[in-house]
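Please open the structure in your viewer and keep the selection tool at hand. The tour below goes from one selection to the next and says what to look for at each stop.

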Amino acid sequence: MPKLMATYTVKPAKETPGGYKCLSECDQIKSVTHAPTIYFYPPGKFSIEKAADILRNSLSEALVIFYPLAGRLHSIDGSGRLKLDCNAAGALLVAVESEAKIDDFGDFRPSPEIRALIPCVDYNKPIDELPLLVVQVTKFSCGGLSLGLGISHILVDGLAALDFISEWAKIARGEGPGSPPPFLDRSVFRAPEHLTAPVFDHPEFGPQPLLIGQKDDVEERKNETSVLLLKLSKAQTEKLKEKANEDENVSNGGRPYTRYEAVAGHIWRTACKARQHETNQPTSLLIAVDARNRMEPPLPPMYFGNAVFRITAESTSGELVSKSLGYASGKVRQAKEKVTPEYLQSCLVFVKNQKDVTKFRNFHTVGCSKGAFYGNPVIEITSWARLPIYGADFGWGREIYMGPGGLGYDGKVFLIPEPALDGSFFVAVRLQVRHIDAFHKFIYQDI
């Protein structure tokens, strides 16, 4: 049984700016839960007490710079909107010793055992009582360590969270924070005042398709799900790219499809095939698109907040499965290419005009009946291919694995680059149990 060694509330080491800060429209539609990530480290000389002291002291210093993470969220009104109270209430740090060994976690696929290495948050409590950052360091009997983090998704997206973790690790190693500092003013990513209504249609904010014959998603939410962690080698991703680029549009002089467009299209087709949809089943692929460098002007470097929107690619399962991979990749590209500065401004205005923003929020909680549903016949892909996910060395060396600590719902997919960054990927996917074996079969068979 794991043994709880210590629990700390870690506050900033110095006085930090107080008061309330506004959140952007992009923040307001994110999950109120904490995005879970996990790091594993090889056996070393650090005791759990020493590791906890290093993390506690360095986190206290890091929270001076990233002080919003030490605050609390407060509800504003009946619209579901929130504001940030920079009250320096602190982050949660837990130190645990476990009789388990790192090898017990196998391929590190997100599982209940992995999730237990990250502190649980009681979302039945008032939101203004919940820490925005929770951390657990676990020492295993083999001498290895894990670092499990939960960071409020209302506050930051993946890139901002990784910027924080990188700076925290630098402080822990005694190198001090880098530059530039985080950009904390979210007013630069608010809906423009001169626009009173969106100028584009936004299917990503509308209801997603349902299975033919169903009037709601209640039954699909109930179905048992499980997680796969698969690997696509560099040779396999290159072959998918070649297959996608056999498309007529490319052969007639069009721009070749990227590795991401090919892999995303392949995963979408594979999910439709594994789910055994009817030919005319509407389906959508939700793609996470970072707005930082798509805005005009771009958001400032080290922007510390959410800047990722879901964008929708749409088709029918019959078209995706019967046509070439290039067709699916083309749908992915069409969705990405509509994301112009004007489209993003329209997204912000759309959210600003909503009376209730809670309908857009999903939960990182398996089997949750609340919030938006993006399961069968929908799939959502988040790519970490361009994120700096590796190198979080807190003084005990580089991680041997970093990945999501959980996948909250049917149809959720993470593309995770291999540590060698050689063009191969891990594919973490949660699907209904009845679809798992077929997905595993087809994702390789159809390459």
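Which residues do ring pairs link into a cluster? Before selecting anything, bear in mind that this is a predicted model. The cluster that ring pairs link consists of Tyr39, Tyr41, Phe46, Phe66, Phe164, Trp168, Phe304, Phe394 and Trp396, and a search of the whole structure finds 22 aromatic pairs.

Now select phenylalanine 46 together with tryptophan 396, which form an edge-to-face pair with 5.5 Å from centre to centre and 70° between the planes. This pair links distant parts of the chain, since phenylalanine 46 sits in the loop between β3 (34-41) and α2 (48-65), while tryptophan 396 sits in the loop between β12 (378-383) and β13 (401-404), 350 residues apart. Phenylalanine 46 is buried, with a relative accessible area of 13%, and tryptophan 396, at 12% relative accessibility, counts as buried too.

Next, select tryptophan 168 and phenylalanine 394, another edge-to-face pair, whose ring centres are 4.9 Å apart and whose planes make an angle of 75°. Here tryptophan 168 belongs to helix α4 and phenylalanine 394 to the loop between β12 and β13, so that the pair links parts of the chain 226 residues apart. Both of these residues, tryptophan 168 and phenylalanine 394, are buried.

From the rings, move on to the nonpolar cores. The largest one has 71 residues, and those with the most contacts inside it are Phe40, Phe164 and Phe394; helix α4 (residues 158-172) supplies the largest share of this core, with 9 residues. A second, separate core has 62 residues, including Ala191, Ala271, Val351 and Ile379. Select phenylalanine 40 and display its surroundings: leaving aside residues up to four places away in sequence, phenylalanine 40 touches residues including Ile102, Phe105, Phe108, Phe140 and Tyr401.

For the next stop, select helix α11 (residues 341-352), whose 12 residues should span 16 Å at 1.5 Å a residue, and whose end C-alpha atoms are 17 Å apart, which agrees. Within α11, the buried residues are Tyr343, Leu344, Ser346, Cys347, Leu348, Val349, Phe350 and Val351, and among the elements that cover the buried residues of α11 are α1 (25-28) and β11 (308-316).

Finally, look at two places where a lysine lies over a ring. Lysine 83 is over the face of tyrosine 20, at 4.1 Å from the ring centre, and lysine 273 is over the face of phenylalanine 442, at 4.6 Å from the ring centre.

Definitions and conventions. Residues are numbered from 1 along each chain as its sequence is written. This is a predicted model: local features need pLDDT of at least 70, side-chain atom pairs count only at pLDDT 80 or more; totals for chains, interfaces and linings use all residues. Side-chain values use heavy atoms; hydrogens and water are left out. A nonpolar core is a set of buried Ala, Val, Leu, Ile, Met, Phe, Trp, Tyr and Cys residues joined through side-chain atoms within 4.5 Å. Buried means under 20% relative accessible area, exposed over 50%, partly exposed in between (1.4 Å probe, protein chains only). Helices (H or I, at least four residues) and strands (E, at least two) are DSSP runs, numbered from the N terminus. Contact means heavy atoms within 4.5 Å. The expected span of a helix is 1.5 Å times one less than its number of residues. Rings of Phe, Tyr and Trp (its six-membered ring) pair if their centres lie within 6.5 Å; planes under 30 degrees apart count as stacked, over 60 as edge-to-face and the rest as tilted. A charge sits over a ring if NZ of Lys or CZ of Arg is within 6 Å of the ring centre and within 35 degrees of the ring normal.
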